[in-house]
Every structure is written in structure tokens, then in C-alpha cells.
Amino acid sequence: SATKWSNPVDILVAGGIHVKLDCMDEHTLNRMVSETLCLSPRLTRTLSNVIYHKTKGNQLFVSRLLRALNKEGLLRPSLSRRRWEWNMKKIKSRGLPDDVAIFLTDSLRELPDKVQSALFVLSCFGASSESAFVGSKGLDRNILKNLEIAVAEGFVDKINDQYRFAHDRIQEAAYNTIPAHRRCIIHFKYGIELSSLLIGDED
């Protein structure tokens, strides 16, 4: 039917100003995605889990993300299979839309101090870093534990044992949680730590 093959985003954002900003739980989001794509909840659950992780269930952000996925061909109707299909691997690795990133950036300071500190450490090494590399620092034994909290909150993605900021805006915000004069000292401290590790490996 025409409804079955309508763009899912058009359904989600129909009504314009009537779109609510309330956040959905994972079950509700999966039910919405299931009904929108005309597939059983069992088939859409893995897709919905990733969408929830990236949007925290915010209805407006869900529609924005689905629109982006559809536009990029990562979520598309298959004429041969007569159903919607998606590229889960690429969706997992896809960055966040700018407006979602801004929302998360504003929420970053609501995280526990230790999680913010872990995000700052990660931000010092660029957009991403191997977990073994981050965990090798003798600065905070709980840094990986705190990064896992950041992953659960959607600020960081963990793919193939690598931590990566969900958006460059989040990395920038995490880096700026520490005043500039303190960043210089911390960079120097990290440099000493890295030097000692490299010397140890050579020995």
C-alpha cells in the first residue's frame, strides 16, 4: 500500500509543530519504529537500540536521525524484499546530526565529575583512541569504567574496542571542561606518562 512505502520520516514529523520533545523509553521507541517500518518489533529491535543510544529517545532527534539515515541510503526500502532494510554496521559508526550533538554537549556538565574527567582524558588524544591505550595511563584506574558510563549515555561510541566521540562538538566540549591554564599542565603530565611507557617498551 502507499502507506507502507511512505518515507518513515514523513510519518514521524507529520504535523510539524505538533511533534513533541518528550523522550521515549527503548520499548516505546522500538514499537514506534516497528509500526513506522511495518515490521515486527523483533526485527526492528536492534535498529531501535542503536537509534535510542544515539538520541536518548528524544522524538524530534529520532525523526532527524531517521531522515539522515534514509537520505544517506542506510535505511531504505528494498523492492525485491518488499520491506525496509538497513546497514547496521554503518549506522552504528555514523556520527550524530549537529542538533543532537548540541543537545548532548549542553548535557555534558550534568555527568558525574569522574565521567567528565574521563571524557577530558579521551579528548586529549583526538576524536578516538584504543581502549588499551587509554587504560594504560597511570592517571586514573577507573577511566575505562567511567568511559563505559559515557558510552551508555550516548556521548561516546565504542566500536571494535575503540572509544570514539559521537560528534566533534562533544569532543570539543569535553576538552573545554578544563580551564586552559590547567590543560597545559595536564598535557605535560600525559606526555611524561607516555614517555615512560615508550621507554619501558624499548627496555
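Does Phe120 count as buried or exposed, and at what relative accessibility? In this predicted model, Phe120 has a relative accessibility of 3% and therefore counts as buried, since the term applies under 20% relative accessible area. A search of the whole structure for aromatic pairs returns one, and this pair is formed by Phe120 and Tyr175, whose rings are stacked with 5.8 Å from centre to centre and 20 degrees between the planes. Because Phe120 belongs to helix H7 (residues 113–123) and Tyr175 to helix H10 (residues 168–175), the pair ties together parts of the protein that are 55 residues apart in sequence. Tyr175, for its part, is partly exposed, with a relative accessible area of 25%.

Among the elements, strand S2 (residues 83–86) has the highest mean pLDDT, at 94, whereas helix H1 (residues 8–12) has the lowest, at 43. Over residues 1–20 the pLDDT is below 50, and in the model this stretch has 31 contacts beyond near neighbours in sequence.

Strand S2 is joined by four bridges to strand S1 (residues 75–78), and the two strands run antiparallel. Within this pairing, Pro77 stands opposite Trp84, a residue of S2. The two strands form a hairpin in which four residues lie between S1 and S2, and Arg82, located in the turn, has a positive phi of about 55 degrees.

In helix H9 (residues 143–152), the buried residues include Ile143, Asn146, Leu147, Ala150 and Val151. Because these residues cover an arc of only 155 degrees around the axis, they are placed on the same side of H9. The helix is followed by Gly154, which has a positive phi, near 90 degrees.

Definitions and conventions. Residues numbered from 1 in each chain as written. Predicted model: local features only at pLDDT ≥ 70, side-chain atom pairs only at ≥ 80, totals over all residues. Heavy atoms only, no water. Phe/Tyr/Trp six-rings, centres within 6.5 Å; stacked < 30°, edge-to-face > 60°. Buried < 20%, exposed > 50% of the residue type's maximum accessible area, 1.4 Å probe, protein only. pLDDT = per-residue confidence, 0-100. Contact = heavy atoms within 4.5 Å. Pairing = 2+ DSSP bridges. Arc of directions from axis to C-beta.
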